[in-house]
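These are my notes on the model shown below.

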Amino acid sequence: MAEEVKKIKVTIDNITIDVPMGTTILQAARMIGGDVVPPAMCYYSKLQGSGGKCRTCLVEVSKGSEADPRPMPKLVASCRTGVMDGMEVKNMTSPRVEDARNGVVEFLLLNHPLDCPICDQAGECHLQDLGYEHGKEGTRYEFKRRTFDKHDLGPYIQLHMTRCILCYRCVYTADQLTDKRVHGVLSRGDHSEIATHIEKSLDNNFIGNVIDVCPVGALTDKTFRFKNRVWFTKPMSAHRDCKCCSGKVTLWQRGEDVLRVTARKDQWGEVEEWICNECRFEKKNTADWIIEGPTQVNRHSVISQGHYEHVLKPTETFSAVHGGRKPKLLMDIHSVSEVNDPSVDLSLINGSATGEVFNHPTKTQE
Amino acid sequence: MASLTTRSKVLEQTPLNLMERLYLPSIFKGMAITFSHIFKKKATISYPEEQRPFSPVFRGLHVLNRDEDGRENCTACGLCAVSCPAEAITMEAAERQPNEEHLYREEKYAAKYEINMLRCIFCGLCEEACPKDAIYLSETFAPSNFTRKGFIYSKDQLLIPDPNTEKEKYQVAKGLREVHKKNKK
């Protein structure tokens, strides 16, 4: 290496690490990993200029640096504060931080509709996780929650402005990933809203990535809308030969149907590589993809429920004992059950399913 | 060999005396006890003419609830299915259309909802998990059936009757639930 980057020492929750100059506290904490990492709703390491909006990553700096050991008077946003040599940071160990974070979560949830039972993001929602960890049981807010006029963002992306926490991630994504910006924040304060200034369909080829960066359910995949709950689909790593993107994705399958395609996410919930709209919205056949295997899901995540790993299936001994005769099937579940009907392929429906999709008359009455 | 416990007792068998060898006194004693039961309160009831009341915490057949306007509460959030230890509940969600607002309370609803009563263990975790008060366990048994098919309960068997058009049936289905709720308070 031609240039030696100067390393400085930083201590976070009594764990010391050497980091290069110019690292933020949040990045340093992520280098340590584990429980000392402050949660981040708006900061996204792959988007330039992101961070500093949501205040969930507040930490206490108990010693400014070796040269100036005074503590910082206020809690600082760790995603925007660079580390100094000899800095000491308290995250989990500080009751002030805990208290402030609880307050921030309460503020974030003030106008949030809490319609998790309907929301497609439930199960992989960062706000849900945050609320579960730091939230209060009930709300103290007595007024009407804000509502917005509905904006149509085209056939692929569904915008629920009421769920938005104004993290600006999607705005940065639209700015930095796509050629022309058609997406921004209008109005101020409580009335701020994400919109496409001229209510035009967003036709950039990478605009689908705003769905992945959204920490809440404000921007969701219209082609997956209400198809299934996230935790009932199984994530599979897959790839395909794509002209415009890496083609490395996670397929969310139900049986053999591909209900949803997302980019692969790392342990911080950030996408590894951006994927194009074609991969995300158009390729809903298993045959389009080369499947690598099941994606590793954190054991504590709801998504891992019902995914039985390393199961030893006993071998079927019946036919061996009965001279090759197959066991008689007493009841085919599809002859009675109308759920998971093999003749209904949800992945081929554009947009959400309606009642008619399931009430088709092809079913033979017995 | 060392004994496994310090509390073991050595039983000493003494030979039976005359009274014991006769057996008859013991037999009459036992008969007297049996005879006395004729005059005691009967432990059984003549089901089905007579029926025992269910306990307030009895968990029976599931009911899918409606709100006071007769709209279905269920929004197909899948929490009952995910909490179900027997994996008995399955569902299929659909989006409410503009002309269906009087049928479903939320934007999303369960187009299909099935409970496999052969799998169900009536633990009541679905009722506990439901955020919309949409499913509860009532005070009835799942009736017996000759085929397995009869135990896959779909929405038309599970849904509570409409409180506006079929008031009496709705009250019957609600059962003593409201009364118990009041008593709790």
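1. A residue is called buried here if 20 or more other C-beta atoms lie within 10 Å of its own, exposed if 12 or fewer, and partly exposed in between, with C-beta atoms placed from the backbone. Helices (H or I, at least four residues) and strands (E, at least two) are DSSP runs numbered from the N terminus. In helix 3 (residues 126-134) of chain A, the buried residues are A:His126, A:Leu127, A:Gln128, A:Leu130 and A:His134. These buried residues pack against helix 2 (95-108) of chain A, where a contact requires C-beta atoms, placed from the backbone, to lie within 7 Å.

2. On provenance: this is a predicted model, in which local features need pLDDT of at least 70 and side-chain atom pairs count only at pLDDT 80 or more, while totals for chains, interfaces and linings use all residues. Residues are numbered from 1 along each chain as its sequence is written, and chains are lettered from A and ligands numbered from 1 in the order in which they are written.

3. Confidence is given as pLDDT, the predictor's score for each residue from 0 to 100. Chain A averages 86, and 94% of its residues score at least 70. Over residues 362-366 of chain A, pLDDT stays under 50, and the model has 2 contacts there beyond four places in sequence. Where pLDDT is low, the predicted coordinates should not be read in detail.

4. The domain assignment divides chain A into domain 1 (7-107), domain 2 (141-226) and domain 3 (318-358); such bounds come from an automatic or database assignment. The centres of domain 2 and domain 3 of chain A, taken over C-alpha atoms, are separated by 38 Å. Their contact takes 5 residues from domain 2 of chain A and 4 residues from domain 3 of chain A. On the domain 2 side, the residues divide into 2 nonpolar, 1 polar and 2 charged.

5. Chain A has an open sheet of 5 strands in the order 2-1-5-3-4, with mixed pairing; two strands pair if DSSP finds at least two bridges between them. Strand 2 (15-20) and strand 4 (76-77) of chain A stand at the edges with a single partner strand each, so one side of each lacks a neighbour in the sheet. Strand 3 (residues 58-63) and strand 5 (residues 87-90) of chain A pair antiparallel over 3 bridges, and A:Glu60 has A:Lys90 in strand 5 as its bridge partner.

6. Strand 11 (residues 248-254) of chain A has 5 of its 7 residues buried. Strand 10 (residues 234-239) of chain A runs antiparallel to strand 11 and is joined to it by 6 bridges, with A:Ala238 opposite A:Val249. Strand 11 also pairs with strand 12 (residues 257-263) of chain A, in the antiparallel sense over 6 bridges; here A:Leu251 has A:Val261 as its bridge partner. The hairpin of strands 11 and 12 of chain A has 2 residues between the strands, and A:Gly255 takes a positive phi near 65°.

7. Is A:Ile291 buried or partly exposed? A:Ile291 counts as partly exposed, because it has 13 C-beta neighbours inside 10 Å. A:Ile291 belongs to strand 13 (residues 290-294) of chain A. Leaving out residues up to four places away in sequence, A:Ile291 touches A:Met236 and A:Ala238. A:Val249 is 42 residues from A:Ile291 in sequence and 9.7 Å from it in space, C-alpha to C-alpha.

8. Chain B has 7 helices and 5 strands. Its radius of gyration is 27 Å, well over the 16 Å that the globule rule gives for 185 residues, so chain B is more spread out than a compact globule. That radius is taken over C-alpha atoms, and the rule is 2.2 Å times the number of residues to the power 0.38. Buried residues make up 24% of the 185 residues in chain B.

9. At the interface, 22 residues of chain A are in contact with 23 residues of chain B. Helix 9 (residues 355-358) of chain A gives the most to the chain A side, with 3 residues. That side divides into 13 nonpolar, 6 polar and 3 charged residues.

Methods
Ala, Val, Leu, Ile, Met, Phe, Trp, Tyr, Cys and Pro count as nonpolar, Asp, Glu, Lys and Arg as charged, and the others, Gly among them, as polar.
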